[in-house]
Amino acid sequence: MQLSLLEWSAPVVAPKAAMPWTEADYDRLTALYAETGGNIRAIAAMMGRTPTAIWTKASYLCLAVEGNDVKLRRCLGDGCGKKFLSPDKGVRICSRCKQNRDLPWGVVY
Ligand SMILES: [Zn+2]
């Protein structure tokens, strides 16, 4: 994804900028990312966050996926069940589960 440097200097109203992120926020970010095709500024406006915050969390959630069949899928990780952006139907473990080294599938992908 290409991001214009000019966009970052634009003033943004971010009423929730100081609020901590909740699981519901992560879910909403994931859904909006899928809906908007990764339009960071649009998501920031809809969630009341700064584009920088959205970008940081989108990176954390690994939302910028490319694949043959990108869509929201439910994670099959033990006790997870979160929706995440999966590049194709063979990927059913979300990025956060993959990053958790305590889980046996943490090293599979
Ligand atoms: Zn998961």
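Student: At roughly what angle do the axes of α2 and helix α3 (residues 40-47) cross?

Tutor: This is a predicted model, in which local features need pLDDT of at least 70 and side-chain atom pairs count only at pLDDT 80 or more, while totals for chains, interfaces and linings use all residues. Residues are numbered from 1 along each chain as its sequence is written. Helices are DSSP runs (H or I, at least four residues), numbered from the N terminus, and axes are lines fitted to C-alpha atoms over the stretch in contact, with angles from 0 to 180 degrees between N-to-C directions. The axes of α2 and α3 come within 10 Å, and their crossing angle is roughly 135°.

Student: Which residues of α3 does α2 meet?

Tutor: Residues are in contact if their C-beta atoms, placed from the backbone, lie within 7 Å. On the α2 side stand Arg28, Leu29, Leu32, Tyr33 and Thr36. Their partners in α3 are Ala42, Ile43, Met46 and Met47.

Student: At roughly what angle do helix α2 (residues 23-36) and helix α4 (residues 51-60) cross?

Tutor: The axes of α2 and α4 come within 11 Å. The two helices are roughly perpendicular (65 to 115 degrees). Their axes cross at roughly 90°.

Student: Which residues make the contact between α2 and α4?

Tutor: From α2 come Tyr26, Leu29 and Tyr33. The contribution of α4 is Ile54, Lys57 and Ala58.

Student: Which residues in α4 are buried?

Tutor: A residue is buried if 20 or more other C-beta atoms lie within 10 Å of its own, exposed if 12 or fewer, and partly exposed in between. In α4 the buried residues are Pro51, Ala53, Ile54, Trp55 and Ala58.

Student: Is Asp25 buried or partly exposed?

Tutor: Asp25 has its place in helix α2. The C-alpha atoms of Asp25 and Lys57 are separated by 10.0 Å, although these residues are 32 apart along the chain. Because 16 other C-beta atoms lie within 10 Å, Asp25 is partly exposed.

Student: How far apart in space are Tyr60 and Arg96, C-alpha to C-alpha?

Tutor: Tyr60 belongs to helix α4 and is partly exposed, with 14 other C-beta atoms within 10 Å. Tyr60 and Arg96 are 36 residues apart in sequence. From C-alpha to C-alpha, their separation in space is 8.0 Å.

Student: Which residue with a positive phi follows α4?

Tutor: The phi of this residue is near 55°. The residue that follows α4 is Cys62.

Definitions and conventions. Parallel < 35°, antiparallel > 145°, perpendicular 65-115°, else oblique. Contact = placed C-beta atoms within 7 Å.
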